[in-house]
Amino acid sequence: MPFAAGTVRDIPVRGLKLCGLTWTGEFLMFSEAVSNRIMALDPYSGEVERDIPCPEVRTDLTTVGGNLVQVVGDRRALRVMDPESGDELGEIANPRPGNVLCGLEATRQGIWLGYEDLRRIDLRGYEDMGLVDSFAVSGRPAGVTVSDNYLAYADHAASTITMVDIDERREVASFSVAGNPTGITWDGTRIWYCDYTTLQLRAIEVPGVDKG
């Protein structure tokens, strides 16, 4: 049974369909699929400091080498974008064509991709998107983030965020959260998630998540 996790910060945002979320070290960047835009929000003031267009926004968002990477279109491709101008710098095909890519997170180990229909999270290399590792999970990943030894994924329908111990390759805790989470990210202290239901960015604290 999931533990209940109350939010420690709630920031209402403008949008009708919150999708991806990533932490840049300065801003929470989130994507919205009705306006097809990506916005940079200051987590202290709660103000949107910058927004850029991104046609075909779908599901999650991350940053790689200072650029934004957003899942786009029915094909679930990875669009690489300039974070200032929004210019498209390239597009990478979904490594599992036809499967529902939702979660996305870039780390020093590689890029993590969560597949809702497969109940699976892959780790792939940057050079050729070759498969490095793959984790079967019990839920349906809508968003993915990584903190030290932990992989976390959001399950939109179940209203949960689940922690996976990467070394032990097993789910160690699941947290019931307010609303329905989509994109999630880790800011070094808290896990933030897009609440699809109430149109807020919410933060929870998970004890022990910073093990490393």
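Arg79 is buried, with a relative accessible area of 6%; here buried denotes under 20% relative accessible area, exposed over 50%, and partly exposed the range in between, computed with a 1.4 Å probe and protein chains only. The structure is a predicted model, in which local features need pLDDT of at least 70 and side-chain atom pairs count only at pLDDT 80 or more, while totals for chains, interfaces and linings use all residues. Residues are numbered from 1 along each chain as its sequence is written, and side-chain values use heavy atoms, with hydrogens and water left out.

Arg79 forms a salt bridge with Glu88, and the closest N and O atoms of the pair are 3.5 Å apart. A salt bridge is defined as a side-chain nitrogen of Lys or Arg within 4 Å of a carboxyl oxygen of Asp or Glu. In contrast to the buried Arg79, Glu88 is partly exposed, at a relative accessible area of 48%. Both residues belong to a network of salt bridges that links Glu56, Arg75, Arg79, Glu88 and Glu91.

The count of salt bridges comes to 14. One of them joins the side chains of Asp10 and Arg202, with an N to O distance of 3.1 Å. Asp10 lies in strand β2 (residues 9-12) and Arg202 in strand β21 (residues 200-204), so this pair ties together parts that are 192 residues apart in sequence. Strands are DSSP runs of E with at least two residues, helices are runs of H or I with at least four residues, and both are numbered from the N terminus. Arg202 is buried, with a relative accessible area of 10%, whereas Asp10 is partly exposed at 34%.

A further salt bridge is formed by the side chains of Asp74 and Arg58, at 2.5 Å from N to O. Asp74 is in the loop between β8 (67-72) and β9 (77-81), and Arg58 is in strand β7 (residues 57-64); the pair links distant parts of the chain, 16 residues apart. Asp74 counts as exposed at 64% relative accessibility, and Arg58 is partly exposed, with a relative accessible area of 28%.

Asp122 lies in strand β13 (residues 120-124) and counts as buried because its relative accessibility is 0%. The side chain of Asp122 makes a polar contact with the side chain of Ser134, at 2.6 Å. A polar contact is a pair of N or O atoms within 3.5 Å; within protein, one atom must be able to donate a hydrogen and the other to accept it, and residues adjacent in sequence count only if both atoms are side-chain atoms. With residues up to four places away in sequence not counted, Asp122 touches Arg96, Ile111, Trp112, Leu113, Tyr115, Leu131, Asp133 and Ser134, where contact means heavy atoms within 4.5 Å.

Two residues other than glycine have positive phi values. For Arg119, phi is about 50°; this residue lies in the loop between β12 (110-115) and β13 and is partly exposed, with a relative accessible area of 31%. For Ser159, phi is near 55°. Ser159 is placed in the loop between β16 (150-155) and β17 (160-165) and counts as buried at 16% relative accessibility.

A search of the whole structure finds zero disulfides, a disulfide being a pair of cysteine sulfur atoms within 2.5 Å. Cys19 is in no disulfide, and the nearest cysteine sulfur, that of Cys194, is 7.7 Å away. Cys102 is likewise in no disulfide; in this case the nearest cysteine sulfur is that of Cys19, 9.6 Å away. Cys19 is buried, with a relative accessible area of 9%, and Cys102 is buried at 5%.

At the level of the whole chain, the protein has zero helices and 21 strands. The radius of gyration is 15 Å, close to the 17 Å that the globule rule gives for 212 residues, so the chain is as compact as a globular protein of that length. The radius is taken over C-alpha atoms, and the rule is 2.2 Å times the number of residues to the power 0.38. The C-alpha trace spans about 40 × 40 × 30 Å along its principal axes. Buried residues make up 52% of the 212 residues. Of the contacts with a separation of 6 or more, 40% are between residues 24 or more positions apart. The accessible surface of the chain comes to about 9,200 Å², and 47% of this belongs to carbon and sulfur atoms; accessible areas come from the Shrake-Rupley method with a 1.4 Å probe, and for residues only the protein chains shown count as cover.
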